[in-house]
Structures are given as C-alpha cells and as structure tokens.
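Here is a short briefing on a structure with chains to compare and helices to trace. Keep the 3D view open as you read.

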Amino acid sequence: MVVGGCSYKMTKNWFLRGTLKGIKTEKFPAADPLNPPLWPSRLNGSGDVQCPTDAIKDGIWDEQRCIFCRRCLPNYKPTEEQDIFTVRENTNEFRKSLNIYFVDTGSCGSCNTELSTIFSPRYDANRLSIFAVNTPRHADVLVLMGVLTEMMKEPLYKALEAMPEPKAIVLLGTCSITGGIMGKGVLLPEDANLILAGCPPSPYTILEGLERLKGGKK
Amino acid sequence: MDDDHRREKENKNLLHDHMKFHYGPTAGGLLESVSMEFSTPGEKISSVSVNPAFKMRELSISGKSINDALLMVERINGYHSASFQIGFLTAVEKALNINVPDDIMNARILQLELERIRSNLNVMERLCLPAGFGVPANQLSFLKEETSRLIGNVSGHRYFFGTNLPGLCRISVRSLNDRIKEVLYDYEDILDALLSSKIFVNRLQKNGFIKDERMIGPAARASGFPIDARADSNSLDYSNCPFSLTLRDEGDSFARFMVRAEEIPVSRDIIISSSQKIRNNLIYEEEYNGSGNGISRIESPSGDLFFMVSIEDGIVKSLEFSSPSIVNIGLFKKSMPGNVFTDFHFNWESFGIWLSEVVHIK
C-alpha cells in the first residue's frame, strides 16, 4: 500500500509501518468467510460408515463426536460450512464485552493456536469486543481445551471458583466435548454454555460461536 | 521467642536465602499448561524447575491397527502433526520393508517444510510479544495465518490431520509455488526492520546462553553444532533439494531466533523445488499387514524426532518416540540461571517448546 507516495517499506517507524499496510481484517461474521477450511466443516451425506468415534451412527452425523478424520469419505463430504457450534444458553449479560480465559486441560496444541488466531489481524476478535484476559478473576468465560488429565483437575476447579458471576463455560474442540480418541471430555456437554465442534475448530467457528454467546445475531 | 524476634529472624533469612515463586500451570502468558518454580535471591534467577506433567495425556496405542494408531500419533503435537505422521509412517514402512516412491517422499518433504515455516513464524511472533513489539507480532501472525490457509488448501486440513495414510498422501500442489512466494513476500522486510531495532535485539542477545552437546534442532544449530536430520538422516532424502545448514555460534536466544528466521527462505526454496516433482493425491498400493521393527529420524521444527515401532501382523505392538521438546525443556532449565525474570519469556519461547509432546504411551 502506498499513501502520499510513502510505502510501508520506506519507514522504520512501526506505527507507520502498521498503518500503511492497510486493513487485513475480514468482515466475518457479518459476511461469509473468505477462506473456510474443508476439514473441519459441516459434513453432508448418508449411509453407514466405520467411524472411529461413533460420530456417524444410523446415518446421523454428530458434530460433537467427529474428529474429521476423513474415513467417511466418499459417503460423507465436507461442505465448508463453519457453523458447527451449539449455544446452549444465550444471555444478554455479556452483550457489551466478553472476556475469555482459557485453560488447557490436555490438548494437542492445535486448539490453543486456533483460539489465539482469532486475535490475529485476519479475524481481530477485539473489534467484536471479545478480549483475552490473563487471570480468571477478570474473565466472563472459561474456555476449556483438551481431554481432562488428572493433574489439571485442581487448576481447572480453582479457575472456575476464582471467576466472578455471571460466568460461562465454553468447550472448544472434540477432546474437551467427548474426548474423541484421546481420552475423556472435560465436562458433560450439558454443563457448557457454548460447544465448539471441530478437531480443532477453525477460527471462523470459534469467532462466530463466541459472538453468538454474546447475543449477536447471524 | 516472641513474635518480633521471629519476624526479625525471618526477614534476615529472606535477605540471605532465596525466594521461591511459582508460575503456572495456567497463566495468561502461557499457551499450554506447565508449572515452573523460580528460585531467586532478588533479581537474578538462580534456578528454575519445570513440571511438564500437568497436561500429560495417557495414550493406549499398543494393540491398535496402524491406521488407528496414526489417528492418535498425529494428535500428540497438533502443531507439528506432519512431523509426527511422517516420522511414524516412515518407521512403519521400515518395519515392513515397504519401498516408498520418490514423489511420496517429495510430498512428505513439502509438508515438513510448510510446517517448519509456520512453526518458525510462530516462535518469532511469540518473541516479539514480550518485547511489546505489537506491530511486527501482528504482521508475523498474519503471515502465520496465511501459511495455515495455504496448508489447508494443500492438504484439506490446517494442521495436516488425515493427510498421510499408509499408501496414501492427500495433497494438491496446484499453484503452490506462486502462493508460497506471495505469502512470504513481506517476510524479509519485516525481519530487516526487526533487526534494525536495538531495543528488540538487546532483549535477546546474551539471554539464555547455552552450549551443550545434548542439544538438538534449531537450538543446537544456534550454538554451533551442525545437527540436522535433514542433512544426516536417511529417513527422508533431501539430497536433491536446495537445502543448506544454517549455523550460528552465539548460543543465546538471539541466535535461536536468527536460525529460525534464516531457515524460512531455505524451507520456501525446498517447497518450490519439491512441488515440481509431485502429482496430486498420491496413492501407492502397498500391503501394511506384515511384522517387523522399524526406526526413523526426521527433523521436526523443534529438533530431532525419533520413532521406534514394532509391528505384528499389521498391529502396533509397541511404539516409542523421543520428544524434542523434552530435551529443550532440559536445556531451558540449564540456560536460565543468571538471567533475570523478565528474560524468562524470551528464553522459553526461543526454544519452541510444545508441552503436548509430554505423553505417556501405553
């Protein structure tokens, strides 16, 4: 980008370099995603297949069990639709802002990086008043990732206790919801306010799910 | 002893003794759960202990088919999933004496180098954050996301999950060369601007100095040890790729940053070279039902990744692997004494450690 004959490459001033690069953020969720991944996305198809997590049973696909391993190809195909989440309890209490604190209870690391990606320039969750905080005492929402290991039980319960009311719980990724193939889920899905399916859920799914938890409309 | 005397004695002890404090297992600055205990007389850190077991998962792999074991192996470290898949499959193929065609080998090299670019960008971004360099951190984060999207377009999944199977490699290299050049178009400019900032460079130089013969991966190459499985392992053949070893001698966080930074264009050139040699959606018919033992050694973005696998009638009897992150945790602990607490984040991030690699395999 060139502004007034000045290219961002000409300056060592970081503020100018940042400004002259222009806006990189997508309009999602107000507009369609520009580059949705194939896997994970909503699956469409029929018939019985050998599914390692029983996500497809009697011809019905359960997004919360699916690890998107592609063994159901070609009977089931990805649609690129990213709305694979369930908001169990939509509240107006977080309408103005949503402060999230995450606890990794035993993940492979990909859920962690996809969550942090929503704060990167392409998605910029801050523009939707969604912020990451450094302590559960400042958090509205606890985001849980990974299967639950024995040693993470105490830190998890302490974080839950430390949060002020009102608070919400988000299960991010198949491991935290049902355990997938890696172990046991963190909580019963009924105890969560938002369930984000995917292995790992894409930044589009996470961003739209959190926006809907805030009370935002599609 | 009355209270005043006891308090006075405790204060004296505090002055002469070391204070210990905990960091983790969950904290805002940590991407994964880990607990650390720092010991300090006041400013300089005299020792640090790291407990990586908080998120240690137990995986039952023994007794599973190769395909089922692969589903778990690719989720040991999701960020370096291609390295884990390819390391495991290479060991299995050695165990069963399977000859893999050259274009499959090239497709695997391509995946490893794409993963390395993203991982190196991630480490560079995370080194900018504690220095308060928000603009370059965001610009590197943008490049990282573009690389993830490119990986998604090439393999169908942003983390390569389900890309490699026994006898199959699902990739599409259409217009990959143009895309990778486009993604990294601004990279060298961001790096030049970062290196011209004395504030940034000073935070890394002489921070976390270490030279140890046990070192592996980018950390070893930053300390002058020419250790790289791409150069000295026969698991994957890099001899026809434009690969050159990146070496530095300083042994500090800055050298580790520079090795990763300089390896990004090398990886880009390897990808361009490899993509010209392969077809889309590679399928090779092989029987994966025999028995045998196999080992492999490949260069993951954090360093050497060894796999040792025993197969019996197509079933995994035992599996062992050496995690580069566990080696790097030991090196981090050794390099930390003498630095101050504010140096800690730079030193920790410079090793590119992933706690998810700490698993118990049954």
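Chain A and chain B bury about 4500 Å² between them, and carbon and sulfur atoms give 55% of that area. This is a predicted model. The points below go from the interface to a helix pair, then to confidence.

**Where the chains meet**
- Chain A brings 51 residues to the contact, and chain B brings 56 residues.
- Three residues stand out on chain A: A:W14, A:R70 and A:M182 supply 17% of the area that chain A buries against chain B, more than any other three residues.
- The rule finds seven salt bridges across the interface of chain A and chain B.
- B:R158 forms a salt bridge with A:E114. Their closest N and O atoms are 2.7 Å apart.

**A helix pair in chain B**
- Helix 5 (residues 134–155) of chain B packs with helix 6 (residues 176–183) of chain B at an angle of about 170°. Their axes lie 10 Å apart.
- Angles over 145 degrees count as roughly antiparallel, so helix 5 of chain B is roughly antiparallel to helix 6 of chain B.
- Helix 5 of chain B makes the contact through residues including B:L143, B:L150 and B:V154. Helix 6 of chain B uses B:L176, B:R179, B:I180 and B:V183.
- By class, this contact of helix 5 with helix 6 of chain B has six nonpolar, two polar and three charged residues.

**How confident is the prediction?**
- Chain B averages a pLDDT of 93, and 96% of the residues score at least 70.
- Among the elements of chain B, helix 9 (residues 217–222) has the highest mean pLDDT, 98. Helix 1 (residues 3–16) of chain B has the lowest, 62.
- Where pLDDT is low, the predicted coordinates should not be read in detail.

Note on methods:
Residues are numbered from 1 along each chain as its sequence is written. Chains are lettered from A and ligands numbered from 1 in the order in which they are written. This is a predicted model: local features need pLDDT of at least 70, side-chain atom pairs count only at pLDDT 80 or more; totals for chains, interfaces and linings use all residues. Side-chain values use heavy atoms; hydrogens and water are left out. Axes are lines fitted to C-alpha atoms, for helices over the stretch in contact, and angles run from 0 to 180 degrees between N-to-C directions. Helices (H or I, at least four residues) and strands (E, at least two) are DSSP runs, numbered from the N terminus. Angles under 35 degrees count as roughly parallel, over 145 as roughly antiparallel, 65 to 115 as roughly perpendicular and the rest as oblique. Contact means heavy atoms within 4.5 Å. Ala, Val, Leu, Ile, Met, Phe, Trp, Tyr, Cys and Pro count as nonpolar, Asp, Glu, Lys and Arg as charged, and the others, Gly among them, as polar. pLDDT is the predictor's confidence in each residue, from 0 to 100. Buried area is the accessible area (1.4 Å probe) that two parts lose on being put together, summed over both. A salt bridge is a side-chain nitrogen of Lys or Arg within 4 Å of a carboxyl oxygen of Asp or Glu.
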